[in-house]
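Here is a short tour of one protein model. Keep the sequence and the structure in view as you read.

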Amino acid sequence: MLKKSLIVMSISAAFFAQAQDISILRNSIDVYSNTTMFGSSKFNAMAGSNGALGGDASSLLTNPAGLGVAISGDVSATLSISNNKNRSSLAGSSIDYNINKVDIGNVGGVAAFQLMTESGWKFVNVGVNFSNQSIENYVETPGNSNIVIKKDLVDSNNNPVVGNLTYLGHAYNRYGTKSKMNIGVGANYENYLYFGAGLNFHYADVEQWDTAAFGLDLDNSVSNYNKQYTPYTEKSNGFSASFGVIGKVSKELRLGATIETPTWWRMDRVYTEYALDNQGYMGSGAYSETVNFRSPMKATVSGAYVPSKNLSFNVDYTLGITKPKYKEEIDADKELNNFFTDNYKNLSEVRVGAEYRIKSFRLRGGYSYASSPFDSGTVSAYSNAGVAGNTSYNNWTLGERNTFGAGLGYDFGAFYIDASYQNVSSKYNNPFLYGKVIPGSSYYSTGYSSSDFDVANESYAVSEVKNTFNNFFITLGWKF
């Protein structure tokens, strides 16, 4: 970590992770830890619950053994229309912001090969699935004039003065996409045991800003300050594998199990560093580093009840069985890993879905609940009155996630069309403003920097954020 490719300043940047812990922690889970991806409209309508049902390429997102359930070829493409709304509230004020995106969210296909042999193997099927979605996120938080940070400065005559900086607003801005390519094979044995394996190729492209506005009472000026080491960009690639099985306990009951290995990520990052030169002027430089990260391993158990050809139910339970981990190259990596060891709660998610068929019509619905990834903790934070003190928070940077899905479809025979809707919501505490003076330096901090000077502050401002996604999907498919 922090291997510079361009050295333009004399001050070390070895505190990057320490200064960026909030966004690094958020992205470690939100972007890089096998979060839910878009599937077909059917998959999305059932909130991703299909681990013991299978039948199409979206099975590769939960249980590759679902490929073995297919008895015909299938190709589909899904259009996604997404609205992401954030409401950030602080000291009785709120700011809303909406992001709308239209994209190809999923493309998948299964080729079914019936084995004309006397053995028990009925089908060997090959599937490919590609999921793509935006990770753009913008959280703007209102100001609070009660939060005042004192700063030692000098006037035009080089005399020491103390300036009061009033907090006027904050913005966290992230652009980018993440995608996952799955390639797998599934097999059918005697129409009651199904096996599958998949290779998963991950990609993420992240561009991120963190900016705060302050007003200085000495000259009544207002300036925007960038968080140290921002903006930064990351281009990341990862690899994982998954293995699954589905078994028919009876004609109506199926049970499934899946293991997905950790995703081994390589992140190539370019970031900006701010520092004062020997003449006291603030400057900036660009640096690069390569980071290696391992996301948690996951295990999923599933159950499906299919009382007739017209009705099916499915339940999935996913549990993370390892913790996130960075390859330790400097002390900052160790600090991140220590945080995960002490504060990370293993992923837990329950998904429930159902489908009902009325001749050629399909009605679907689903619900998913995912737990908060972090334990509650206590930090020094400002109250609404601007007083810093130790405060406890339950949903630190990311919160519990609830997903409701609904959809319908029509099967024309060789062709089909499906549509679905998802509402995904979460609430969390959004910390910012923290930055501390680097030990041994009286002028360099990991806080926020303007063109004139930097601001160090060892307390957080914490807003409450409600995040809501309203997603619409349309799938066109062909069975052959």
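## A buried glutamate

Glu260 belongs to strand β10, which covers residues 253–260. Strands are DSSP runs of E, at least two residues long, and helices are runs of H or I, at least four long, numbered from the N terminus. This is a predicted model: local features need pLDDT of at least 70, side-chain atom pairs count only at pLDDT 80 or more, and totals for chains, interfaces and linings use all residues. Residues are numbered from 1 along each chain as its sequence is written, and side-chain values use heavy atoms, leaving out hydrogens and water.

Is Glu260 buried or exposed? Glu260 counts as buried because its relative accessibility is 7%. Buried means under 20% relative accessible area, exposed means over 50%, and partly exposed lies in between (1.4 Å probe, protein chains only).

## Partners of Glu260

Beyond neighbours within four places in sequence, Glu260 is in contact with several residues, including Asn34, His202 and Met297. Contact means heavy atoms within 4.5 Å.

The side chain of Glu260 has a polar contact of 3.4 Å with that of Lys180. Another, of 3.2 Å, joins the side chains of Glu260 and Ser240. A polar contact is a pair of N or O atoms within 3.5 Å; within protein, one must be able to donate a hydrogen and the other to accept it, and residues adjacent in sequence count only if both atoms are side-chain atoms.

## The nonpolar cores

The largest nonpolar core has 22 residues. Tyr32, Met267, Tyr326 and Phe340 have the most contacts inside it. At least two residues each come from α2, β7, β11, β12 and α4. Apart from this core lies another, of 17 residues, among them Leu90 and Tyr448. A nonpolar core is a set of buried Ala, Val, Leu, Ile, Met, Phe, Trp, Tyr and Cys residues joined through side-chain atoms within 4.5 Å.

## Aromatic rings

The whole structure holds 30 aromatic pairs. Trp121 and Phe195 form a tilted one, 6.1 Å centre to centre, with 55 degrees between the planes. This pair links distant parts of the chain: Trp121 is in β3 and Phe195 in β7, 74 residues apart.

Why is the pair of Tyr410 and Phe412 edge-to-face? Their ring centres are 4.7 Å apart and their planes are at 65 degrees, so the pair is edge-to-face. Rings of Phe, Tyr and Trp (its six-membered ring) pair if their centres lie within 6.5 Å; planes under 30 degrees apart count as stacked, over 60 as edge-to-face and the rest as tilted.
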